[in-house]
Amino acid sequence: MADYSDGVWWSNDGLRLHYRLYEGPDDRPPIICLHGLTRNARDWEPVVNRLAGDWRIYVLEMRGRGESAYASDPMTYVPLTYVQDVEAFLKATNIKHYIAFGTSLGGLITMLQAATNPERLAGALLNDIGPVIEEEGVERIRGYVGKAGNYPTWLHAARALNAGFGDVYPKWTLDDWLAMAKRLCKVQPSGRIGYDYDMRIAEPFRVPGGESGFDMWTAFDGLKDVPTLLVRGGHSEILSAETAREMARRKPDLEIATVPDVGHAPVLDEPEAAAAIDAFLERI
């Protein structure tokens, strides 16, 4: 596992937020990793363990996840607020130019950043997310987000994840599910294993449009001059092949890598994803 140091920054509304810093050369833009809805900094370990040392990497934890503080108002758990939190991070660290890696929610944040300040982006990786979020996928998310399962052992947690998401990663072994459990969950004060996020992040999903709250095609168009890689799970229920084709039509230089036999979202250590990321970074 790559070495990292911990850092904090403060949101505009006074929340103490956490990030990991993996050291690397400072003569190229750093990579800033933005996780998915129910994830945390550990979600990026398969990526940073391979890239750390060659790139300086910041892995941010959004409010309500991991070691970042939980919000007093759950209606701040929305992409536009996360964008403000990322802006506060960039100001605190004086980062002017960077490569954004965004999985799912993190990709929405990346597109929203591009809508206002595309010149800061040296490149963007969108992991299984686009301007249109398929209703089937949204309904699936609504079905599990905010439901506080807890388990006596890591093996029980891994088997529960397999039962709920086996169709997303049909070729995974028990070791893969154990690794996923340790990225998604933590040991609770009770000694049981539970998810590492504020269950109230589900509340904005009860509001129509709460998953984005913005015209995401306009946001995506902000990437027109930014080198961009789209990674898509071959049977994703969030990002359809039709939406990916429309993204490529609107941005002809968009690079697309499809990970077969995976749904939402690729872990990004799959051979197809890893090769695409390496080639993408070489061109920046």
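Residues are numbered from 1 along each chain as its sequence is written, and side-chain values use heavy atoms, with hydrogens and water left out. Because the model is predicted, local features need pLDDT of at least 70 and side-chain atom pairs count only at pLDDT 80 or more, while totals for chains, interfaces and linings use all residues.

## Parallel strands

Helices (H or I, at least four residues) and strands (E, at least two) are DSSP runs numbered from the N terminus, and two strands are taken to pair if DSSP finds at least two bridges between them. In general, strands of a sheet pair through backbone hydrogen bonds, either parallel or antiparallel.

Strand β5 (residues 98-103) has 6 of its 6 residues buried, so it is largely enclosed by the rest of the structure; buried here means under 20% relative accessible area, exposed over 50%, and partly exposed in between, with a 1.4 Å probe and protein chains only. Tyr98, Ala100 and Gly102 lie on one side of β5 and Ile99, Phe101 and Thr103 on the other, and both faces are covered. The parallel neighbours of β5 include strand β3 (residues 31-34), joined to it by 4 bridges, with Ile31 opposite Ile99. Strand β6 also pairs with β5 in the parallel sense, over 6 bridges, and in this pairing Leu125 of β6 is the bridge partner of Phe101. Between β5 and β6 the chain passes through helix α3 (residues 105-116), in a β-α-β crossover that is right-handed, a term used when, with the strands pointing away from the viewer, the path from the first strand over the helix to the second runs clockwise.

Strand β10 (residues 228-233) is likewise mostly covered, with 6 of its 6 residues buried. Thr228, Leu230 and Arg232 point one way from β10, whereas Leu229, Val231 and Gly233 point the other way, and all are buried.

| Strand pair | Sense | Bridges |
|---|---|---|
| β3 and β5 | parallel | 4 bridges |
| β5 and β6 | parallel | 6 bridges |
| β6 and β10 | parallel | 4 bridges |
| β10 and β11 | parallel | 5 bridges |
| β8 and β9 | antiparallel | 3 bridges |

Leu230 of β10 stands opposite Leu126 and also opposite Ile256 in β11. From β10 the chain crosses through helix α8 (residues 241-250) to β11, and this β-α-β crossover is right-handed. Helix α8 contains Thr243, which is buried with a relative accessible area of 5%. Leaving aside residues up to four places away in sequence, Thr243 touches Pro131, Val132, Glu134 and Trp217, where contact means heavy atoms within 4.5 Å.

## An antiparallel sheet

In an open sheet, 3 strands follow the order β7-β9-β8 with antiparallel pairing. Its edge strands are β7 (150-151) and β8 (185-187), each of which pairs on one side only. Within the pairing of β8 with strand β9 (residues 193-195), Val187 stands opposite Ile193.

## Aromatic rings and charges

The structure holds 14 aromatic pairs; rings of Phe, Tyr and Trp (its six-membered ring) pair if their centres lie within 6.5 Å, and planes under 30 degrees apart count as stacked, over 60 as edge-to-face and the rest as tilted. One of these pairs, Tyr19 with Phe89, is edge-to-face at 5.2 Å centre to centre, with 75° between the planes. Tyr19 lies in strand β2 (residues 16-22) and Phe89 in helix α2 (residues 79-93), so this pair ties together parts that are 70 residues apart in sequence. Tyr58 and Phe89 are also edge-to-face, at 5.5 Å and 70°, and, because Tyr58 lies in strand β4 (residues 57-61) and Phe89 in α2, the parts tied together are 31 residues apart in sequence. Tyr19 and Phe89 are buried, and Tyr58 is buried as well. Ring pairs link Trp9, Tyr19, Tyr58 and Phe89 into a cluster.

Arg20 lies over the face of Tyr4 at 4.0 Å from the ring centre, and Arg28 over the face of Trp55 at 4.1 Å; a charge sits over a ring if NZ of Lys or CZ of Arg is within 6 Å of the ring centre and within 35 degrees of the ring normal.

## Cysteines

With a disulfide defined as a pair of cysteine sulfur atoms within 2.5 Å, the count comes to 0 disulfides. Cys33 is buried with a relative accessible area of 1%, and Cys185 is buried with a value of 3%.
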